[in-house]
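Subject: Handover of a structure

Dear colleague,

Please find below the structure that I am passing on to you. My notes follow it.

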Amino acid sequence: MEMLQFDFMQRALVAAVLVGITAPAVGVYLVQRRQALMGDGIGHVALTGVGLGFLFQTSPVWMAVLVCVLGAVVMELVRSRGNQRGDIALAMLFYGGMACGKLLVSVSAQAGSGNLESYLWGSILTVGPGDLATIAVLAAVVVAVTFGLRRQLFAICQDEEFARVTGIPVRVLNLLLAVMAAVTVTVAMRVVGLLLVSALMVVPVAAAQQVTRSFRATQAAAVGLGITVAVLGVAGSYQADVPSGPAIVLLAIAAFALLGAVAGPLARRRHRAAPDSGPEVCDVVLPAQSAGRTAGRTAGRTAEAPDREGASTGRNGRRESEPSAGRGLAQ
């Protein structure tokens, strides 16, 4: 408890809790969409914002927020087009952002000060009162969006076409999710660093998925695990005098391995307890105001595409019919 006597450790622990909440809260949607490395790409782009902050002698965090948001919007627009050159465009965006950031830092007045290292690998012990206030504001925005719009965001992550049929603004929510991912990168860069921020967004979610059976439980468990590893990583880095960012990530990986070891026996125990009940896919339902429109539209779509919405494959390989509209609304 002696470390709590220092102001910088108090700020470090508060920042760790905020990052432990925001990173998995956004990461759970990226994992659902199979975009686990999106945070890593945004981290590369964020380096340009840090370089601009050094060059103009302003806050690197706010400059990184601006650049990351623009980069995330470009990434989402490229992804939505789905053309063959999308991967090449994203690669140029990622590596161009990193190269531009390093170049801007080298020509700025603060070149050679070593500050860039703290943004690459994290330096939570150097978080000042102003940085903590910025992190708190950005974290509040991310939490409000990711939890307040959980049903809509889950719908677009699972099936964009179905979400569009129900009247959900898919394009707007896709852009909003990309922006929230960009904001989360800037929130976490002082804690775990731009090169490791993607790990804190993905590993707690992947660990939680091994022992949970619903989306809501996965999100809650991932946030709880993120807070735990962030706080323990900061405390352990203080005691062992090691960087906090790598310590937090290694603890998250250790938690993944531990939960993976108990996931198998836990699944077998659940199966023995309820052999006739399958795993819960999700306990998040679509907004009530779109349910009425969905039933009619989904029924019509079922008649046209029975293989997609009206049937599922049984264990013996045969097709077993299921009511499409009811299953879609339940998910």
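In which helix does Leu103 lie? Leu103 belongs to helix H4, residues 86–107; helices are DSSP runs (H or I, at least four residues), numbered from the N terminus.

The model is predicted: local features need pLDDT of at least 70, side-chain atom pairs count only at pLDDT 80 or more, and totals for chains, interfaces and linings use all residues. Residues are numbered from 1 along each chain as its sequence is written, and side-chain values use heavy atoms, with hydrogens and water left out.

Leu103 is exposed, at a relative accessible area of 54% (buried means under 20%, exposed over 50%, partly exposed in between, with a 1.4 Å probe and protein chains only).

The count of aromatic pairs is 5. Rings of Phe, Tyr and Trp (its six-membered ring) pair if their centres lie within 6.5 Å; planes under 30 degrees apart count as stacked, over 60 as edge-to-face and the rest as tilted. The rings of Phe6 and Tyr238 are tilted, with centres 6.4 Å apart and planes at 45°. Phe6 lies in the segment before helix H1 (7–32) and Tyr238 in helix H11 (residues 215–240), so this pair ties together parts 232 residues apart in sequence. Phe6 is partly exposed at 35%, and Tyr238 is partly exposed at 22%.

Tyr29 and Phe215 also form a tilted pair, with ring centres 5.6 Å apart and planes at 50°. Tyr29 in helix H1 and Phe215 in helix H11 are 186 residues apart. Tyr29 is buried at 0%, and Phe215 is buried at 3%.

Yours sincerely

How values were computed
Helix = DSSP H or I, 4+ residues; strand = E, 2+ residues; numbered from the N terminus.
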